[in-house]
Amino acid sequence: MAKYRVLLVCAAGMSSSLLEVAVIEAARRQGDEVEIEAISVPQVAVFDFAAHRPDIVLIGPQVRYKERSVRQLAEPLGVVVEVIDPVTYGMVDGDRIYQQIVQALMGRREEDRP
Amino acid sequence: MAAEATTKKTWTDRLTGWMEAMAPLFDQPHLASVRDGLAALMPLLIIGAFSLLVLQFPVTSWLEYLDANPDVASKIWVPFNISYGLLSLFASFTIAYGLARRRGLDPLMPSALSLLAFVTIASPIMGAWGEEGLPGTYFDNSGLFTAIIVSLISVEIYSFLVKRGLIIKMPPGVPPAIATAFIALIPGVLIMLLAWFVRVVLNIDVAGGVVQILSHIVPAASTYIAAAIAETFHAFLWTLGIHGDLTIGIVLSPIWTNNLAANAAAAASGQPIPYIYTDLFRTYVVPGGSGATLPLAFYLIRSRSERLRRVGWLGIWPGIFNINEPITFGTPVIFNPVLAIPFIIITFLNTSVAWLFHVIGFVRPAYIAAPWTLPTPILAYLQTGYDWRAIILALLTEFIIPGIIWYPAFRAWERQVLEKEEQAG
């Protein structure tokens, strides 16, 4: 059983709460566990990536412009940063987003984390 | 097929380049701190607005009772007077807090010092407490822009001194809470000195001057032309998949907050309500979410395409509470001219029709702050101080106008989706 820590970045932290449930469900069906924290854009600048150490940051498509600043904050800590595909986001397609998480983190979990 | 792929790629490329050019603006620490600091005031504005909701509750016997018992009414006014009457004090704290955190500082002392500087600039006490000076004059929304300027400058001074190491360092072993307090000492003295020098020694009425300057800018930014351009642009941004509300808020949120507070103050003192364009006016522009997509969601759930039906169901429930990302991204509206064009047209029409209804006096401008996630007709009724005609405008902008515009667009898009689904087998 794999366990993933995901940080979700969206506009007001509201529409992503729909997504949160869908992704957790999708993971459970695979027998995995996902822990999701959702934050809004204004919180990004002050979020303590070092203390929280998510495995992956997923950025909502409507706030894609944050990608670069999130990368600057998260990538030095070995955190993967990806943007969610707009239609997947709109369809609240938990399975596909879960796949995205698994693929992005494939092979880099054990060796990268202290 | 190949040609289509190429066009799509150029579009995406152009957009990405454009967004990257814009990114520094979204991340600009001062603008973002102002926007976030003002957004943090919303709960205070809503709390204060409860006074208005209670005082104006539309039951005749209650209103007559209040008229006969002004002492009861004046007690109910207290939460309003304290939250709206001291709005700029709160703003000087919340804005400084955001900027201090963006600058990597412990935000407590910079926020407190910003408050100190703002009070000094806006209302220096010259004699004994309460004897002289300008008590409260600029503590309400009239000092809002001064609070913005003062809090940004005072945090920058603080940040500059701390980063240059111009602070008192306590020897190791001193408890952190005490050490932190001493760090604030030199920046605090300097910020206070500067504010005192400008306001008291030079006797420059900064807040009054700012009000003078803004008396030319705010009305211009609160006109129909400004609103129509800003709102149409916000819709256009959404069709590119960019959060339009956050983007126009970078520039307009000080104007919206100022206007909302001015409206509430006017209503409280029985004056005509001055401003149409506030956060609350946007209730009629984006009912059910930007692009007023609730009727589109209703069409989608009856579509012959299974995929579209699913998007429709996903979009309806959040849509009632004015959240519509499932529709915008799932249908999708973004990068899809068939739906993007009506999305923009509806936003423009809603702005125009709502503005017209205000100008002819059919609906009272909104002045009671309420959470934007309330269903639009309820929100419209509350924010106008129980004006039932606001419900008519809300239904018009949430269902009727978008219902008409979305229908042909929905049919056209459904036809394309069905064709593609048939081709795919």
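Me: How many residues does helix H3 (residues 42–55) of chain B have?
Reply: H3(B) has 14 residues. Its first and last C-alpha lie 20 Å apart, close to the 20 Å expected at 1.5 Å a residue. The expected span is 1.5 Å times one less than the number of residues. Helices here are DSSP runs (H or I, at least four residues), numbered from the N terminus.

Me: What kind of model and numbering is this?
Reply: It is a predicted model: local features need pLDDT of at least 70, side-chain atom pairs count only at pLDDT 80 or more, and totals for chains, interfaces and linings use all residues. Residues are numbered from 1 along each chain as its sequence is written, while chains are lettered from A and ligands numbered from 1 in the order in which they are written.

Me: Back to H3(B). Which residues are buried?
Reply: B:Leu45, B:Gly48, B:Ala49, B:Ser51 and B:Leu52. Buried means 20 or more other C-beta atoms, placed from the backbone, within 10 Å of a residue's own.

Me: What covers them?
Reply: The cover includes helix H5 (70–85) and helix H13 (244–268) of chain B.

Me: New topic. How is chain B divided?
Reply: Into domain 1 (29–39 + 86–210) and domain 2 (222–424). The bounds come from an automatic or database domain assignment. The C-alpha centres of the two domains lie 38 Å apart.

Me: How many residues make the contact between them?
Reply: Ten from domain 1 of chain B and nine from domain 2 of chain B. Contact means C-beta atoms, placed from the backbone, within 7 Å.

Me: Which helix gives the most on the domain 1 side?
Reply: H2(B), with four residues.

Me: And where chain B touches chain A, how many residues take part?
Reply: 26 from chain B and 21 from chain A. H1(B) gives the most to chain B's side, with six residues.

Me: How big is the largest nonpolar core?
Reply: It has 140 residues. Those with the most contacts inside it include A:Val6, B:Ala91 and B:Phe118. Both domains of chain B give residues to this core, so it lies between them. A nonpolar core is a set of buried Ala, Val, Leu, Ile, Met, Phe, Trp, Tyr and Cys residues joined through C-beta atoms within 7 Å.

Me: What is B:Ala91 in contact with?
Reply: Leaving aside neighbours within four places in sequence, B:Ala91 is in contact with B:Gly37, B:Leu38, B:Leu41, B:Leu144, B:Ala147 and B:Ile148.

How values were computed: Two residues are in contact if their C-beta atoms, placed from the backbone, lie within 7 Å. Helices (H or I, at least four residues) and strands (E, at least two) are DSSP runs, numbered from the N terminus. A residue is buried if 20 or more other C-beta atoms lie within 10 Å of its own, exposed if 12 or fewer, and partly exposed in between; C-beta atoms are placed from the backbone.
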